[in-house]
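User: Hi, I'm new to this one. Can you walk me through it?

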Amino acid sequence: AALTSHKIAEEADFFSFGSNDLTQMTFGYSRDDVGTFLPTYLKENILLDDPFVTIDQEGVGELIKMAVKNGRAVKPNMKIGVCGEHGGDPRSVKFFCNEADLSYVSCSPFRVPIARLAAAQASTEKKK
């Protein structure tokens, strides 16, 4: 869907990225299996962060940015957001707000205060 966002935007009123699902599909990892190899990847610096905690900006993030750009080329005022645990991670929220130009983030209820604070901080940084 991220690759064909320009076509989907012709019919859609909004986009909402399932960031965990997009991460699984982009990396080819199952969240059920990452515990068997991800700690080694992090220890050996193959990955700098757990991509299910903090959004991978170079891969998954680029797909999101491309989809936003192409979708808004068709519908400039389209609301575009993300749902999932990345919506409550401060570094991910900063990326979504300042780099990917998303309209909103959605996350688990217990992460909402962190997400709101991160979005406010990102918004302030973006205005500088």
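Analyst: One term to begin with: contact means heavy atoms within 4.5 Å. This is a predicted model, where local features need pLDDT of at least 70 and side-chain atom pairs count only at pLDDT 80 or more, while totals for chains, interfaces and linings use all residues. Residues are numbered from 1 along each chain as its sequence is written, and side-chain values use heavy atoms, with hydrogens and water left out.

User: OK, what is Leu-102 in contact with, leaving aside its neighbours within four places in sequence?

Analyst: Phe-17, Ile-64, Val-68, Ile-80, Gly-81, Val-82 and Phe-96.

User: And which residues have the most contacts inside the largest nonpolar core?

Analyst: Leu-102 is one of them, along with Phe-17, Ile-64, Ile-80 and Phe-96, in a core of 18 residues. A nonpolar core is a set of buried Ala, Val, Leu, Ile, Met, Phe, Trp, Tyr and Cys residues joined through side-chain atoms within 4.5 Å. Buried means under 20% relative accessible area, exposed is over 50%, and partly exposed is in between (1.4 Å probe, protein chains only).

User: Which elements give two or more residues to this core?

Analyst: β1 (14-18), α4, β2 (79-83) and α5 (90-98). Helix α4 gives the most, with 4 residues. These labels are DSSP runs numbered from the N terminus: helices (H or I, at least four residues) and strands (E, at least two). Apart from this core lies another, of 5 residues, among them Val-34, Leu-38, Leu-47 and Phe-52.

User: Back to α4. At what angle do α2 and α4 pack?

Analyst: Helix α2 (residues 19-27) and helix α4 (residues 60-74) pack at about 115°, and their axes are 9 Å apart. Axes here are lines fitted to C-alpha atoms, for helices over the stretch in contact, and angles run from 0 to 180 degrees between N-to-C directions.

User: Which residues make the contact?

Analyst: From α2 there are Leu-22, Thr-23, Thr-26 and Phe-27, and from α4 there are Val-60, Leu-63 and Ile-64.

User: New topic: how many disulfides?

Analyst: The count is 0, a disulfide being a pair of cysteine sulfur atoms within 2.5 Å. For Cys-83, the nearest cysteine sulfur is that of Cys-107, 10 Å away.

User: Last one: is Arg-111 buried or exposed?

Analyst: Arg-111 counts as buried, at 17% relative accessibility. Arg-111 sits in the loop between β3 (104-106) and α6 (112-127). Not counting residues up to four places away in sequence, Arg-111 touches Glu-85, Gly-88 and Asp-89.
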